[in-house]
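User: Got a model to walk through. Can you take me over the packing?
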Amino acid sequence: MLGEFALIKEFFSGHDKGRGITLGIGDDCALLAPDRNSELAITTDTLNEGIHFFKGEDPFYLGYKSLLVNISDLASMGARPAFFTLSLTLPDSDEHFLREFSRGLFSLADKEKMALIGGNTSKGPLSITISAYGYVAKGCAMRRDLAKPGDIIYVSGNLGMGGLFVKAGYHELNLASDLFSIVHKKAQLIPSRTVFARALRRVCRCALDVSDGTVGDLRHILERSNVGAVLNLDKLPLDEIFDQVNLTALEKVELAAFGGCDYELLFTINPKKISLLEKIAACHRVKITPIGVITKDKNLNLLFENKPYVKANRPFEHF
């Protein structure tokens with residue numbers, strides 16, 4: 001069994017070079033030299049077994065998604081990913097798990113040109129904490145508090161896959177094994193939106209990522225921007241895999257509205273900039289869908305098939 005330092009050297013060293021890094025792994029701290037014309041965007045997420053992922057999750061998927069959830073936060077600000085730290089608590093130093101976990105982790109890190117600059121390992125129940133850092137030009141970050149009445153609400157990609165996987169994983173929905181495998185893979189290997197997000201900054205000032213459910217996350221924008229919205233639930237975009245799932249149209253929409261773990265971008269756009277937005281999306285081959293409008297009245301009105309949707313649903317919360 002590998003010891004702590006041998007574990008780090010074997011599976012996580014050699015990925016600490018990149019822009020703005022003066023000193024990487026090997027000392028008590030990493031040393032960074034941020035660009036004076038940029039702001040440093042910082043985010044941290046922890047994933048715990050049994051809370052954020054099922055026991056026995058494929059370690060490749062787990063490595064990929066552990067970084068993806070942080071990269072998604074950087075994308076929502078329009079930041080360019082730069083480097084990250086990893087704190088890994090393990091029941092034991094299982095070499096197969098570590099090999100596959102690191103392979104999944106660096107498959108995304110290398111694609112995003114992100115360097116691993118430090119972290120920690122410890123023994124205990126499986127838990128992964130990543131802090132990710134990125135650069136955004138001063139004054140250009142997309143923020144939750146900049147939505148304006150009349151803005152059109154958009155979302156990138158498709159929604160509901162995370163909620164569908166969790167529902168099937170808890171055996172609340174029966175899926176054939178081959179269909180479950182497809183849902184599982186799509187729910188874990190979610191595409192990064194960082195490149196699209198940096199182009200989106202040209203036309204957008206207000207965005208966040210969909211982590212706790214579309215409705216719950218939209219409320220964050222409304223509260224911070226002191227506005228309201230009308231959201232058309234039946235406009236929420238679903239993956240074509242939902243055509244093979246034995247759920248009603250409303251049940252499918254509810255997974256997209258409240259299920260969470262989609263890690264797509266939710267953003268608002270002045271109607272005058274929609275034409276340019278569509279060109280940007282087409283250039284980056286990213287699907288975008290208008291799903292509602294920002295209003296002055298500070299209320300969130302949910303509609304389904306042009307009728308008020310009043311069923312109570314809460315977004316995911318840790319406590």
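User: What does Met114 touch?
Analyst: Leaving out residues up to four places away in sequence, Met114 touches Leu67, Ile71, Leu74, Pro81, Ala82, Phe83, Phe84, Ala109, Ala132 and Tyr133. Contact means heavy atoms within 4.5 Å. This is a predicted model: local features need pLDDT of at least 70, side-chain atom pairs count only at pLDDT 80 or more, and totals for chains, interfaces and linings use all residues. Residues are numbered from 1 along each chain as its sequence is written, and side-chain values use heavy atoms, with hydrogens and water left out.

User: Which residues of the largest nonpolar core touch the most other members?
Analyst: Leu67, Phe84, Leu86, Phe101, Leu105, Met114 and Ile128, out of 33 residues. Such a core is a set of buried Ala, Val, Leu, Ile, Met, Phe, Trp, Tyr and Cys residues joined through side-chain atoms within 4.5 Å. Buried means under 20% relative accessible area (1.4 Å probe, protein chains only).

User: Which elements supply at least two residues each?
Analyst: Strands E3 (38-48), E4 (80-90) and E6 (127-137), plus helices H2 and H3 (95-112). Helices (H or I, at least four residues) and strands (E, at least two) are DSSP runs, numbered from the N terminus.

User: Why is H2 largely enclosed?
Analyst: Because 17 of its 19 residues are buried.

User: And its ends?
Analyst: At the start of H2, a side-chain oxygen of Asp58 comes within 2.8 Å of the backbone nitrogen of Phe60. Just after H2, Gly78 has a positive phi of about 80°.

User: Whole chain: how many helices and strands?
Analyst: The protein chain has 9 helices and 13 strands. Of its 319 residues, 51% are buried.

Terms used:
Buried < 20%, exposed > 50% of the residue type's maximum accessible area, 1.4 Å probe, protein only. Polar contact = N/O pair within 3.5 Å; in protein donor to acceptor, adjacent residues only side chain to side chain.
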